[in-house]
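Thanks for coming. I have one structure to go through today, and I will keep it short. Please have a look at it before I start.

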Amino acid sequence: MVASEFPRLANLSGRATLVWADGYSDVERLSSGRFSSDPQQVLAEWERFKVWAWEAEAELPGRPDYELLGPPAPCPRQVFAIGLNYKDHLAEAGYDTSGLPQVFTKFASCLTGPLATVEVPSPRLDWEVELVVVMGRSGRNIREKEAWLYVAGLMVGQDLSARDVQLYGSAPQWSLGKSFAGFGPTGPWITIADELDNCDDLEIGCALNGEVMQSDRTSSMIWSVSELVARISSVCELNSGDLIFTGTPAGVGNRRIPPLYISPGDRLVSTIEGLGTLVNEFALPGTRLET
Ligand code: ZN
């Protein structure tokens with residue numbers, strides 16, 4: 001069968017996989033070894049891969065087994081994350097709008113798949129649904145108006161945060177508090193911007209145990225994707241396959257009255273229009289099934 005749209009790029013049991021609405025293909029097998037089975041290696045060759053993938057065809061009918069999906073970019077060289085990038089979240093967190101975007105990292109070992117069960121290591125585990133940018137070209141000093149040319153695609157992410165660790169002590173420990181095992185669910189796959197009507201204005205939200213906690217649009221971001229790519233690359237070289245978690249809307253648990261945190265047994269559903277959904281369940285430490 002011939003595909004009519006550009007496929008999503010997924011990680012199926014650790015192998016790069018192209019997914020269409022009605023079929024899917026293993027990248028290494030379909031390309032006869034021209035492209036690696038390693039999803040991160042495919043992203044490292046994104047420009048060449050994208051040309052090939054436009055012509056690729058689905059080998060198998062239907063959709064792959066969602067339970068087998070892993071993080072689409074499992075081991076990026078760098079993961080950037082942005083704090084306080086939505087006006088309402090900035091207000092609920094008690095900061096003002098002046099200054100540069102707040103940049104920290106989620107260490108890459110926290111990345112996990114879209115259906116991962118995550119152990120709860122903290123009594124103050126919080127949710128943050130975020131648009132995640134996957135870089136497709138390397139560069140420094142990328143100009144804002146050219147930034148999207150450097151982006152491979154977009155996916156849904158959760159910037160899970162242990163608020164007790166993040167806020168312990170006199171200065172915040174953002175990176176450590178947000179990097180426990182499983183604290184970076186991503187996926188369900190990478191969608192190229194061309195497949196979206198407006199890649200700067202997507203509905204974004206999450207629900208805990210069926211109750212909506214966050215609901216906004218990515219057009220509410222203070223720093224747009226283009227601005228973030230330009231700003232970060234003015235300091236750090238961005239590599240093909242790097243990730244940028246672009247910040248979360250209002251509605252996090254530790255700013256609610258009274259505060260609300262994630263407990264073992266809870267179910268968190270995170271969705272971005274056009275990109276898909278993450279479904280993460282939470283477990284007592286020592287009982288995590290699979291990532
Ligand atoms: Zn965040």
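Predicted model: local features only at pLDDT ≥ 70, side-chain atom pairs only at ≥ 80, totals over all residues.

I start with the metal. Which protein residues are the donors of the zinc ion? They are Glu128, Glu130 and Asp159, and they lie 1.9 to 2.1 Å from the ion. Along the chain the spacing reads E-x1-E-x28-D. Glu128 has 5% relative accessibility, so it counts as buried. Glu130 has a relative accessible area of 0%, so Glu130 is buried as well.

In soluble globular proteins, nonpolar side chains tend to be buried together. Here the largest nonpolar core has 42 residues, and Met135 and Val229 have the most contacts inside it. Several elements give two or more residues to this core, among them strand E11 (129-135), strand E12 (151-158) and helix H7 (225-233).

Take Val229 by itself. Leaving out residues up to four places away in sequence, Val229 touches Met135, Ile142, Ala147, Val151, Leu238 and Ile244. There is also a second, separate core, of 32 residues, which includes Ala73, Leu111, Met155 and Phe245.

Now the proline, Pro72. Where is Pro72 placed? It sits in the loop between strand E5 (69-70) and E6. Pro72 counts as buried because its relative accessibility is 1%. Again leaving out residues up to four places away in sequence, its contacts include Leu9, Asn11, Pro39, Leu43 and Met155. Pro72 also touches Thr186, Gly187, Pro188, Trp189 and Ile190. Asn11 is 61 residues from Pro72 in sequence, but their C-alpha atoms are 4.9 Å apart in space.

Last, the largest pocket, with a volume of about 230 Å³. It is lined by 14 residues, and Trp46, Lys50, Trp148, Leu149 and Val151 are the closest to its centre. Which helix gives the largest share of the lining? That is H3, with four residues. H3 spans 46-54, and both H3 and E12 supply at least two lining residues. By type, the lining has eight nonpolar, two polar and four charged residues.

That is the end of the tour.

Technical notes: Residues numbered from 1 in each chain as written. Heavy atoms only, no water. Core = buried A, V, L, I, M, F, W, Y, C linked by side-chain atoms within 4.5 Å. Buried < 20%, exposed > 50% of the residue type's maximum accessible area, 1.4 Å probe, protein only. Contact = heavy atoms within 4.5 Å. Donors = N, O, S within 2.8 Å, 3.2 Å for Na, K, Ca; no water. 1 Å grid on protein atoms, 1.4 Å probe; cavity = no way out; pocket = protein on both sides within 12 Å on 5 of 7 lines; lining within 4 Å. Points joined across faces, edges and corners; volume = space filled by probe spheres on them. Nonpolar A, V, L, I, M, F, W, Y, C, P; charged D, E, K, R; others polar.
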